[in-house]
Amino acid sequence: MPIMDAELAISAAQAGAAVVRAMYGASLTRIEKPAGDFATAADIEAEKTIREVIHTARPDDAIIGEEKGLTGSGAAKRVWLVDPLCGTLNYAVRNMLVAVNVALRVGDEVTVAACADPFTEEVFWTDGRHAYVRRDGRDEELKPSSESQLVDINLDPPFPNAPAFRAARLPAEPRFAERFRPRVVSTTLAVTWVAAGRRAAYVTDGHLRDSVHFAAGIALCRAAGCTVTGIHGRPLHTGAGGLVVSADPETHTALLELIAAQSSL
């Protein structure tokens, strides 16, 4: 029986996570990238492994990877988006807050996705209709909740909407502190935590269409029933762009009001 797309995403993410876990703590070669960024040998090896899993099952599909870029036809209807190690700097300094992201875009829609935590061995995944976390071979449906009041804020560049909007200003806003508590995890694993009820919301600037970093997490949050828009409340990938994903509409409205207040400063 051919493997279903959702299970393929899970298998590919798990395979990449196994590489990341196995290479953790080793002295790894760094490959320098523009703007002070870098990859490690673990990024390269994990992406190679993920690509092999996908290509074996879907040889005609295109793949866009963080390290190798596009392989296959640029006009392909089915495109896999792969971030083999989201949180490379964390990983390089032996911090375990990292993720392995795999998503499938068919046409304009991400239809399945998986985000693996290499160290808890949890896999957050969606078949496009529902969202789950898989632990020890068992699936549990994800249920967003704003109870924690924790909001992850991405402070990594680029900041295309500065100076009108700077995510770093949110925690300094008194109204933010009255309701929320900021967190900075520096991996898009935190986006999946909104779907899982471990975070109330996540905020980032940037243009995220076909983002290998964000595609899987956004798909998970949508399937889980989170509220997902750009930073000004518009549909994703329109207007100013960015991302605000919240466990519920009330939290979302509160964050959009705080963001809107920045534009008037």
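Which are the buried residues of α7? They are Thr251, His252, Ala254, Leu255, Leu258, Ile259 and Gln262. Buried here means under 20% relative accessible area, with exposed over 50% and partly exposed in between, using a 1.4 Å probe and protein chains only. Seen down the axis of α7, these buried residues fall within an arc of 165 degrees, so they line one face of the helix. That arc is taken over the directions from the helix axis to the C-beta atoms.

A word on the source: this is a predicted model, where local features need pLDDT of at least 70, side-chain atom pairs count only at pLDDT 80 or more, and totals for chains, interfaces and linings use all residues. Residues are numbered from 1 along each chain as its sequence is written, and side-chain values use heavy atoms, leaving out hydrogens and water.

What does that face meet? The buried residues of α7 pack against β11 (150–153), α4 (174–179), β13 (201–204), β14 (227–229) and β15 (243–246); contact means heavy atoms within 4.5 Å.

Now the whole protein. There are seven helices and 15 strands, which are DSSP runs numbered from the N terminus: H or I of at least four residues for helices, E of at least two for strands. Along the principal axes, the C-alpha trace spans about 55 × 40 × 40 Å. Of the 265 residues, 50% are buried. Among contacts between residues at least 6 apart in sequence, 60% join residues at least 24 apart.
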